[in-house]
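Subject: Structure for your review

Dear colleague,

Please find the structure below, handed over for your own work. I would be grateful if you would read the notes that follow with the structure open beside them.

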Amino acid sequence: MSAPLYRLKAEFFKTLGHPVRIRVLELLSEREHAVAEMLPEVGVEPAHLSQQLAVLRRANLVVARRDGATVHYSLVDPEVADLLAVARSILSGVLAGQAELLADLRASTARPRD
């Protein structure tokens, strides 16, 4: 019996649930990158980046291409970039709402009390 779709979705989002993996996917949303290009952008040790890339490969989110000694990565599906853009949009809305709430809170504490 196959896993229900909601479980597969949960596993998918768990895979995305790491800051390094998100940053890698953001970079690959722009274009293909060599591992050496990603290292300074991601800011982790090479072994850690390699581990995170392996997780993304196992999840079939990225694919590797070897060019001599250089390994280049790209997204398997451009819809991953769309998903990240939607997440950014949702977070922008959430943060804007929080900023409004904070502004209201500050304005209410600045008013003199009766």
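The overall chain

Please bear in mind throughout that this is a predicted model. The protein chain contains five helices and three strands, and from the N terminus on these elements follow the order α-α-β-α-α-β-β-α. The radius of gyration is 20 Å, whereas the globule rule gives 13 Å for 114 residues; the computed value is well over that figure, so the chain is more spread out than a compact globule. Along the principal axes, the C-alpha atoms fill a box of roughly 75 × 45 × 25 Å. Of the 114 residues, 22% count as buried. As for contacts between residues at least 6 apart in sequence, 51% of them join residues at least 24 apart.

Helix 3 against helix 4

How do helix 3 and helix 4 pack, and at what angle? Helix 3 covers residues 35-42 and helix 4 covers residues 46-58; the angle between them is about 110 degrees, and their axes lie 10 Å apart. Since angles of 65 to 115 degrees count as roughly perpendicular, the two helices are therefore roughly perpendicular to each other. On the side of helix 3, the residues that take part are Val35, Met38, Leu39 and Val42, and they meet Pro46, Leu49 and Leu53 of helix 4. By class, this contact has seven nonpolar residues, with no polar and no charged ones.

Which residues of helix 4 are buried? They are Leu49, Gln52, Leu53, Ala54 and Leu56. The elements that cover these buried residues include helix 1 (5-16), helix 2 (19-30), helix 3, strand 2 (62-67) and strand 3 (70-75).

Leu49 is found in helix 4. With a relative accessible area of 0%, which is under 20%, Leu49 is buried. Residues up to four places away in sequence aside, Leu49 touches Val20, Val24, Val35, Met38, Leu39, Val42 and Val44. For one of these, Leu39, the C-alpha atom is separated from that of Leu49 by 7.3 Å, the two residues being ten apart along the chain.

Thr15 has its place in helix 1. Its relative accessibility is 15%, so Thr15 also counts as buried, given the 20% cut-off. Apart from neighbours within four places in sequence, Thr15 is in contact with Arg21, Val55, Leu56, Ala59 and Leu61. Among these, Leu56 is itself one of the buried residues of helix 4.

Is Asn60 buried or exposed? At 57% relative accessibility, which is over 50%, Asn60 counts as exposed. Its backbone also deserves a look: Asn60 has a positive phi of about 60 degrees although it is not a glycine. Most residues other than glycine have a negative phi.

Yours sincerely

Terms used
Residues are numbered from 1 along each chain as its sequence is written. This is a predicted model: local features need pLDDT of at least 70, side-chain atom pairs count only at pLDDT 80 or more; totals for chains, interfaces and linings use all residues. Side-chain values use heavy atoms; hydrogens and water are left out. Axes are lines fitted to C-alpha atoms, for helices over the stretch in contact, and angles run from 0 to 180 degrees between N-to-C directions. Helices (H or I, at least four residues) and strands (E, at least two) are DSSP runs, numbered from the N terminus. Angles under 35 degrees count as roughly parallel, over 145 as roughly antiparallel, 65 to 115 as roughly perpendicular and the rest as oblique. Contact means heavy atoms within 4.5 Å. Ala, Val, Leu, Ile, Met, Phe, Trp, Tyr, Cys and Pro count as nonpolar, Asp, Glu, Lys and Arg as charged, and the others, Gly among them, as polar. Buried means under 20% relative accessible area, exposed over 50%, partly exposed in between (1.4 Å probe, protein chains only). The radius of gyration is taken over C-alpha atoms; the globule rule is 2.2 Å times the number of residues to the power 0.38.
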